[in-house]
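Morning, everyone. I have one structure to walk through today. Let me put it on the screen.

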Amino acid sequence: MLRITVEEKGNHTRLQLEGKLTGDWVGELERCWISIHNGNTVAEFSVDLSSVSFVDENGKALLRRMVSQGAKLRARGPLMTSLAKEIAGQSTS
């Protein structure tokens, strides 16, 4: 299960994710991202992974696409911080 909370403050939009980014939930996050990204000219966009416990390969691929389109990943804890760094590094290569 994945909970997606959208927070908008000024020119910044943040997606707060909680749970596991896997299976059908990857598609749900993608639909949310497309809806927000296409309908908004937000200057800053971030995805908070601090409360995510697992990300499957499809979830990682989606996060890479989001980063390549300007999203910033936020994380706490060794697992998600490492994942965020890995994804950000891959998006710039």
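First, a question to start us off: among contacts between residues at least 6 apart in sequence, what percentage join residues at least 24 apart? The answer is 64%. Keep in mind that this is a predicted model.

Now the overall layout. The protein has three helices and four strands. Along the sequence, the pattern reads β-β-α-β-α-β-α. The radius of gyration is 12 Å, close to the 12 Å that the globule rule gives for 93 residues, so the protein is as compact as a globular protein of that length. Its C-alpha trace spans about 30 × 30 × 20 Å along the principal axes. Of the 93 residues, 34% are buried.

Next, the sheet. It is open, with four strands in the order β1-β2-β3-β4, and the pairing is mixed. At the edges stand β1 and β4, residues 72–74. Each has a single partner strand, so one side of each is left without a neighbour in the sheet. On average, neighbouring strands are turned by 20° against each other, direction ignored.

Two helices pack on this sheet. Start with α1. This helix touches β1, β2 and β3, and its direction makes about 175° with that of β2. Then α2. This one touches β2, β3 and β4, and its direction makes about 165° with that of β3.

Let me zoom in on the β1 and β2 pair. The two strands run antiparallel, joined by eight bridges. Two examples of residues facing each other: E7 stands opposite R14 in β2, and V6 stands opposite L15 in β2. The hairpin has two residues between the strands, and G10 takes a positive phi near 55° there.

While we are in β1, take a look at T5, which lies in that strand. Leaving out residues up to four places away in sequence, T5 touches R14, L15, Q16 and E18. For a distance across the model, take T5 and G23. They are 18 residues apart along the chain, and their C-alpha atoms are separated by 18 Å.

Back to α1, this time in detail. The helix covers residues 24–38, which is 15 residues. From first C-alpha to last, α1 reaches 21 Å, close to the 21 Å expected at 1.5 Å a residue.

Which residues of α1 are buried? They are V26, L29, C32, W33 and I36. Seen down the axis of α1, the buried residues fall within an arc of 125°, so they line one face of the helix.

On the face turned away from it, α1 carries the exposed residues D24, R31, S35 and N38.

To wrap up, here is the picture to take away. There is an open sheet of four strands with mixed pairing. Helix α1 packs on the sheet, and so does α2. That's my tour; over to you.

Note on methods:
Residues numbered from 1 in each chain as written. Predicted model: local features only at pLDDT ≥ 70, side-chain atom pairs only at ≥ 80, totals over all residues. Heavy atoms only, no water. Expected span 1.5 Å × (residues − 1). Buried < 20%, exposed > 50% of the residue type's maximum accessible area, 1.4 Å probe, protein only. Arc of directions from axis to C-beta. Pairing = 2+ DSSP bridges. Axes fitted to C-alpha atoms, helices over the stretch in contact; angles between N-to-C directions. Contact = heavy atoms within 4.5 Å. Rg over C-alpha atoms; globule rule 2.2 N^0.38 Å.
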